[in-house]
Amino acid sequence: MLLEVNNIHVSYGDIQAVCGVSFHIEKGELISIIGANGAGKSTILNAVMGIFPPQQGKIIFKGQDITNIFSHQRARIGIRMVPERARVFPRLTVYENLLTGLYGLRNKLPVEERISSMYSVFPILEERKNQLANTLSGGEQQQLSIARALVSNPEVLLVDEVSMGLMPKLVDQVFGILEQLNKEQGLTILLVEQNAVASLAVSSRGYVLETGTCALQGSAQELMDNSRVKEVYLGH
Ligand SMILES: Nc1ncnc2c1ncn2[C@@H]1O[C@H](COP(=O)(O)OP(=O)(O)OP(=O)(O)O)[C@@H](O)[C@H]1O
Ligand SMILES: [Mg+2]
């Protein structure tokens, strides 16, 4: 197992945001956690990334307990996150943003090769490479945010609601790129999404999160066929 999250609890003061959630990802899988606003999706990713560690429970990566290590150490061992709402450095160029994704790894990785491989996945970024990130469109910023996480060649990519704010065509395009990276390069991906239709379509399995607990899990097909999922997320 590549990543195992075991019974984590996260509270912000009196607010219990995540209450005993467990899930796992095998190497090479693409899976989804779906849930509505406030279900605890970002809280889970922030716990896995070490931005806000859980008060209880364990996070195991490649057999190592990482529950209490720093976020930058997790990044260095191959865990990367595309944060909610495409956080890029607004006053840096596209190229400079990509360089920040290689922070601490520049001696270990072929920098220009990694950056040009991102340009081949996201051609628009090459066209815009000298442009300041705050002048990119929302969709372009999402692509830059994904590329910044991917440039270090991580083992697992955590993606927080990449579909948010994108028009349907762009959602399909971005999910298509992630699916291709998974199929062709074996990249392990965890999508966290409200957009159940688009995310389950590219996933093999999924978990449904409801107010901080895992209400359901199963294959993507089982979830799409589930009457509760249909009612809440698929609108029928
Ligand atoms: N820093 C914080 N301080 C206090 N409460 C917080 C904090 N961050 C999140 N919460 C609360 O924790 C709960 C889960 O929030 P979280 O951001 O994980 O949800 P989410 O599933 O990512 O929602 P969304 O789809 O809207 O992004 C919410 O009730 C939220 O108000
Ligand atoms: Mg969120």
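Analyst: Let us begin with burial: a residue is called buried if 20 or more other C-beta atoms lie within 10 Å of its own, exposed if 12 or fewer, and partly exposed in between. Please keep in mind that this is a predicted model.

User: Why is Asn 153 called partly exposed?

Analyst: Asn 153, which is found in the loop between α6 and β7, has 15 C-beta neighbours inside 10 Å.

User: What makes Ala 86 count as buried?

Analyst: Ala 86 has its place in the loop between β6 (79-82) and α3 (94-100), and it has 24 C-beta neighbours inside 10 Å. The cut-off for a buried residue is 20 or more, and therefore Ala 86, with 24, counts as buried. Ala 86 also has a positive phi, of about 35 degrees, although it is not a glycine.

User: How do you know that the span of helix α7 agrees with its number of residues?

Analyst: The expected span is 1.5 Å times one less than the number of residues, so the 18 residues of α7 (residues 168-185) should span 26 Å. The end C-alpha atoms of α7 are 25 Å apart, which agrees with that expectation.

User: Which residues of α7 are buried, and how do you know that they are on the same side?

Analyst: The buried residues in α7 are Val 171, Val 174, Phe 175, Leu 178 and Asn 182. They cover an arc of only 95 degrees around the axis, and therefore they are on the same side of α7. An α-helix has 3.6 residues a turn, so residues three or four places apart point the same way. The buried residues of α7 pack against several elements, including β3 (30-35) and α8 (196-202), whereas the face turned away from the buried side carries the exposed residues Lys 169, Lys 183, Glu 184 and Gln 185.

User: Why is Ala 201 called partly exposed?

Analyst: Ala 201, whose place is in helix α8, has 15 other C-beta atoms within 10 Å. That count lies between the limits of 12 and 20, so Ala 201 is partly exposed. Ala 201 and Phe 175 are 26 residues apart in sequence and 9.1 Å apart in space, C-alpha to C-alpha.

Conventions: Residues are numbered from 1 along each chain as its sequence is written. Chains are lettered from A and ligands numbered from 1 in the order in which they are written. This is a predicted model: local features need pLDDT of at least 70, side-chain atom pairs count only at pLDDT 80 or more; totals for chains, interfaces and linings use all residues. Helices (H or I, at least four residues) and strands (E, at least two) are DSSP runs, numbered from the N terminus. The arc is that of the directions from the helix axis to the C-beta atoms. Two residues are in contact if their C-beta atoms, placed from the backbone, lie within 7 Å.
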